[in-house]
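Visitor: I have a model open and want to learn how to read it. Please take me through it feature by feature.

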Amino acid sequence: MIPKHIADAILVRSVEEHLFSLYETGELNGTIHACIGQELSGIAVCGNLSQGDFVFSNHRCHGHFLALTSDVKGLVAELMGYAEGVCGGVGGSQHLFVKDRFYSNGIQGGIVPVAAGRALAEKLKKTRNIGVVFIGDGTLGQGAVYETLNIASKWQVPLLVVVEDNRYAQSTPKADTLAGSIKDRFKAFDIAVFEGGLSDWDSLVEKSIAAIKQVRRSGGPVALILDAYRLCSHSKNDDCRNKEEIADYAMRDPINVYASAYPDVYAQEKLKVDSHVEELIEKVRTGSRLS
C-alpha cells in the first residue's frame, strides 16, 4: 500500500500540474506559484496541528492549504474565478481564507507580523492554540521579519516560523544575498531552532512534531528550517536556474524516488488522483463563474 504522505503529496502535485494547464488555457484568474517539489513541507507541519491552530501562508500557498483543509474543489474554484471558491472566486491564488484556520497573502515579510498578532490574540485569550507562518529563505531580507521575531521572543508569542529554504528568492541564489546562517538569525533572538529536510520523511515528521510541541509547551516562538527545493519555475515560466541542478534535485525528489522504486503502484495512484482532480475541475466548470 502506498504511504499516506506520498499519496497526499501526489494529490498536491497533481493539483498544481492541473493548475498550470488551466493557466495555459486561460481558465485561471491571475497568476500562480506552485509548490512542486516542496509538497511534504505543508503535509508534515499541517498534518500535525490541532484543531484550534491556524496557518498563515504566502504566494506559494496551495500545498499548505490542501494539507490543512483537503479542499481541492474549493481551491480550484477559487483560482478559476467561480463563486464556489473558498473566497467566492475573488481572492485568487495568493489570497486564500478559511475562517480561524487559514490565511494567505503574497507579501511574505508582511504576513509575519500579522501572524504574530493573531498568535498573540490566542495567548491573551489563554487558549493553547498556536500559529504557524510559512516563509521562504528570500523573506529573510525583510526588516519587518526581524522586528517581529524580537517582539515575539520578548512577549513569548506562540508562533512557529517555518522557513522553506529552497535556496532561491525567485531565481536569485541565496548565496548571492544572504549573509551568515538562517539558524543564527533566529538564535540571535533567543528562538529555539529545529532543522529538517524533505528527503527524509520520518525525520521531517519527528522535527515538525517536536517544533509544534515546543511552541505549545513554552508558549513562545520556535523556528523550523526545512531544506527544500522547488522543481517548478517561480511562477509560470520565469526560471533561469541551472537546468542540470534542477534535474539533479528532481532525481532526489521524494515522489520521484518513490515512483522509481515502485513504478506500478505509483502509476496506479497517479492515474486515480489525476482522474479525481479532473472530475472536480469539471464539476467546478458547471458552477457560476464571476464576470
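Visitor: Is helix 3 (residues 62–69) mostly covered or mostly open, and how many of its eight residues are buried?

Guide: First, the ground rules. This is a predicted model, where local features need pLDDT of at least 70, side-chain atom pairs count only at pLDDT 80 or more, and totals for chains, interfaces and linings use all residues. Residues are numbered from 1 along each chain as its sequence is written, and side-chain values use heavy atoms, with hydrogens and water left out. Helices (H or I, at least four residues) and strands (E, at least two) are DSSP runs, numbered from the N terminus. Buried means under 20% relative accessible area, exposed over 50%, and partly exposed in between (1.4 Å probe, protein chains only). Now the case: helix 3 is mostly covered, with six of eight residues buried.

Visitor: Which residues of helix 3 are the buried ones?

Guide: They are His 62, Gly 63, His 64, Phe 65, Leu 66 and Leu 68.

Visitor: What happens to the backbone just after helix 3?

Guide: Ser 70 takes a positive phi of about 60° there, although Ser 70 is not a glycine. Ser 70 sits in the loop between helix 3 and helix 4 (72–80). Ser 70 counts as exposed because its relative accessibility is 57%.

Visitor: Where does Asp 100 lie, and what is its phi?

Guide: Asp 100 is in the loop between strand 2 (97–98) and strand 3 (102–104). Its phi is near 70°, again a positive value in a residue other than glycine. At 40% relative accessibility, Asp 100 counts as partly exposed.

Visitor: How do I read salt bridges, and how many does the structure hold?

Guide: Side chains of opposite charge can pair when their charged atoms come close. The test is a side-chain nitrogen of Lys or Arg within 4 Å of a carboxyl oxygen of Asp or Glu. The structure holds 16 such salt bridges.

Visitor: Which residue does Arg 285 pair with?

Guide: Arg 285 pairs with Glu 27, the closest N and O atoms being 2.9 Å apart. This pair links distant parts of the chain, 258 residues apart: Arg 285 is in helix 12 (residues 263–285), and Glu 27 is in the loop between helix 1 and helix 2 (39–46). Arg 285 is partly exposed, at 32%. Glu 27 is buried, at 18%.

Visitor: What about Asp 165 and Lys 174?

Guide: Their side chains meet in a salt bridge at 2.8 Å, N to O. Asp 165 is buried, at 10%. Lys 174 is partly exposed, at 24%.

Visitor: Which members of the largest nonpolar core touch the most other members?

Guide: A nonpolar core is a set of buried Ala, Val, Leu, Ile, Met, Phe, Trp, Tyr and Cys residues joined through side-chain atoms within 4.5 Å. The largest has 64 residues, and Val 55, Met 80, Val 132, Leu 160, Val 162 and Leu 224 touch the most other members. Helix 1 (residues 4–24) gives the most to this core, with nine residues. A second, separate core of 26 residues includes Ile 111, Ile 135, Leu 140 and Val 163.

Visitor: What does Val 162 touch?

Guide: Contact means heavy atoms within 4.5 Å. Not counting residues up to four places away in sequence, Val 162 touches Ser 41, Val 45, Val 132, Val 133, Phe 134, Ile 135, Leu 224 and Leu 226.

Visitor: Which residues lie nearest the centre of the largest pocket?

Guide: His 59, Gln 108, Gly 138, Thr 139 and Ala 169, out of 21 lining residues. A pocket is found on a 1 Å grid over the protein atoms alone: an open set of points where a 1.4 Å probe fits, with protein on both sides within 12 Å along at least five of seven lines; lining residues have an atom within 4 Å of a point. Helix 5 (108–124), strand 4 (131–136) and strand 6 (168–169) each supply at least two lining residues.
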